[in-house]
Amino acid sequence: MKGLGTRLRWAIPISLGVILVIFLDLWAGGNGRGLVGLALLFGIGAMLEGIKLGTRLRSDLMLGLICFSASFLILSTEKYRRLLGFEDGIPFALVLGLPLFLAPLITELAPSIHRARWRSSFHALLVSQWLVMPVLACVSMSSDPLGSHLFLCAVWMVKGSDTGAYLCRPSFGGTPRDPVIPRQPVEGLLGAMGSAILIGVAYAAILQHESFPISQAAFLGLLMALAGQLTDLQESALKRSMGAKNSGDTIPGLGGMLDMMDSLILAIPLIVWLRTLWMD
């Protein structure tokens with residue numbers, strides 16, 4: 001449990017700040033501006049940290065910021081989406097599929113290119129597109145009648161699953177679930193799933209909205225835990241390939257913004273996609 005106190009001292013105020021912004025968003029009519037603003041804040045911060053893991057050149061950081069901003073502007077604006085043929089909104093195959101496709105490229109291909117001068121720029125480009133996708137998913141989520149509630153519930157489920165995995169992980173031994181990362185045992189995964197399901201069920205029971213039944217919340221909790229653990233492993237692989245322990249030192253005890261939002265990279269697009277299927 002070493003370090004848990006430091007984590008909580010920073011995690012609780014940040015969580016309360018996120019909750020406050022979301023509730024102000026709901027109080028203002030649920031227009032989604034607070035949700036998108038939060039996503040942009042953490043998305044840009046995480047993107048810059050992800051690029052710095054591979055390069056410190058200002059030109060690469062600027063390239064990543066430009067690519068991130070351009071993708072966000074084009075895909076979040078209806079006029080520009082129509083020019084690309086996306087009349088029905090942001091394609092979920094893109095928002096969900098691109099992070100899955102880019103993660104192994106970032107962790108394996110980019111670090112393997114040692115001598116090429118363009119390696120660092122290539123890394124910056126990949127990271128910018130990897131991390132703009134969950135932000136775009138939040139744009140799509142903001143159009144859902146329960147968008148802000150879904151985002152808040154997803155954050156609690158994912159972060160609750162992290163805490164459940166941390167608390168249920170044995171101090172010694174355990175059953176490894178990944179041969180590359182033996183310190184991540186099955187017991188931790190079970191704790192993550194159980195915590196996320198309980199949080200989802202509790203949120204749905206309190207909300208009592210017909211479009212978000214308890215059964216749906218429990219299923220989403222299971223998927224959020226699995227998606228969160230997957231992207232957590234991907235970010236861990238990225239840090240290992242770059243020889244870093246944390247993505248940054250922005251938040252004591254928690255690392256950087258990328259360390260905070262890594263579990264949401266697939267979770268948010270996944271919940272938006274499933275809600276679209278269920279609402280049709």
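Modeller: Happy to, and here is what the coordinates give, topic by topic. This is a predicted model, so local features need pLDDT of at least 70 and side-chain atom pairs count only at pLDDT 80 or more, while totals for chains, interfaces and linings use all residues. Residues are numbered from 1 along each chain as its sequence is written, and side-chain values use heavy atoms, with hydrogens and water left out.

Colleague: Great. How many helices and strands does the protein have?

Modeller: There are 11 helices and 0 strands. Helices (H or I, at least four residues) and strands (E, at least two) are DSSP runs, numbered from the N terminus.

Colleague: What share of the residues is buried?

Modeller: Of the 280 residues, 49% are buried. Buried means under 20% relative accessible area, exposed over 50%, and partly exposed in between (1.4 Å probe, protein chains only).

Colleague: And which residues touch the most other members of the largest nonpolar core?

Modeller: Phe151, Phe212 and Met224 do, in a core of 72 residues. Helix H6 (residues 119-141) gives the largest share of this core, 13 residues. A nonpolar core here is a set of buried Ala, Val, Leu, Ile, Met, Phe, Trp, Tyr and Cys residues joined through side-chain atoms within 4.5 Å.

Colleague: What is phenylalanine 151 in contact with, leaving aside neighbours within four places in sequence?

Modeller: The partners of phenylalanine 151 are Val18, Ile22, Leu35, Leu38, Cys138, Met141 and Ile268. Contact means heavy atoms within 4.5 Å. For the whole protein, 72% of contacts between residues at least 6 apart in sequence join residues at least 24 apart.

Colleague: On to charges. How many salt bridges are there?

Modeller: The count comes to 4, taking a salt bridge as a side-chain nitrogen of Lys or Arg within 4 Å of a carboxyl oxygen of Asp or Glu. One of them pairs arginine 275 with aspartate 144, with the closest N and O atoms 3.1 Å apart. That pair links distant parts of the chain, 131 residues apart: arginine 275 is in helix H11 (residues 264-279) and aspartate 144 is in the loop between H6 and H7.

Colleague: Are those two buried or exposed?

Modeller: Arginine 275 and aspartate 144 are both buried.

Colleague: Which residues are linked in a network of salt bridges?

Modeller: Glu235, Lys239 and Asp259. Glutamate 235 meets lysine 239 with the closest N and O atoms 3.5 Å apart; both lie in helix H9, 4 residues apart, about one turn of the helix. Lysine 239 also forms a salt bridge with aspartate 259, at 2.9 Å, N to O. This second pair joins helix H9 to helix H10 (residues 257-261) across 20 residues of sequence.

Colleague: What about burial for glutamate 235?

Modeller: Glutamate 235 has a relative accessible area of 1%, so it counts as buried. Lysine 239 and aspartate 259 are buried too. Leaving aside neighbours within four places in sequence, glutamate 235 is in contact with Ser247, Leu258, Asp259 and Asp262.

Colleague: Nice. Now, how many aromatic pairs are there?

Modeller: The structure holds 3. Rings of Phe, Tyr and Trp (its six-membered ring) pair if their centres lie within 6.5 Å; planes under 30 degrees apart count as stacked, over 60 as edge-to-face and the rest as tilted. Tryptophan 118 and phenylalanine 122 are edge-to-face, 5.8 Å centre to centre with 75° between the planes. Tryptophan 156 and tyrosine 203 have centres 5.8 Å apart and planes at 65°, so this pair is edge-to-face.

Colleague: Where do tryptophan 156 and tyrosine 203 lie?

Modeller: Tryptophan 156 is in helix H7 (residues 147-168) and tyrosine 203 in helix H8 (residues 186-207), so the pair ties together parts that are 47 residues apart in sequence. Tryptophan 156 is partly exposed at 34%, whereas tyrosine 203 is buried at 10%.

Colleague: Last topic, the surface. Which residues make the nonpolar patch of about 480 Å²?

Modeller: Leu73, Ile74, Tyr80, Leu83 and Leu84 make that patch. Patches are made of residues with over 30% relative accessible area and no salt bridge, with like charges joined within 9 Å and nonpolar side chains (Val, Leu, Ile, Met, Phe, Trp, Tyr) within 5 Å. Leucine 84 is in the loop between H4 and helix H5 (92-112), and at 49% relative accessibility it counts as partly exposed.

Definitions and conventions: Areas by Shrake-Rupley, 256 points an atom, 1.4 Å probe, with all protein chains shown as cover.
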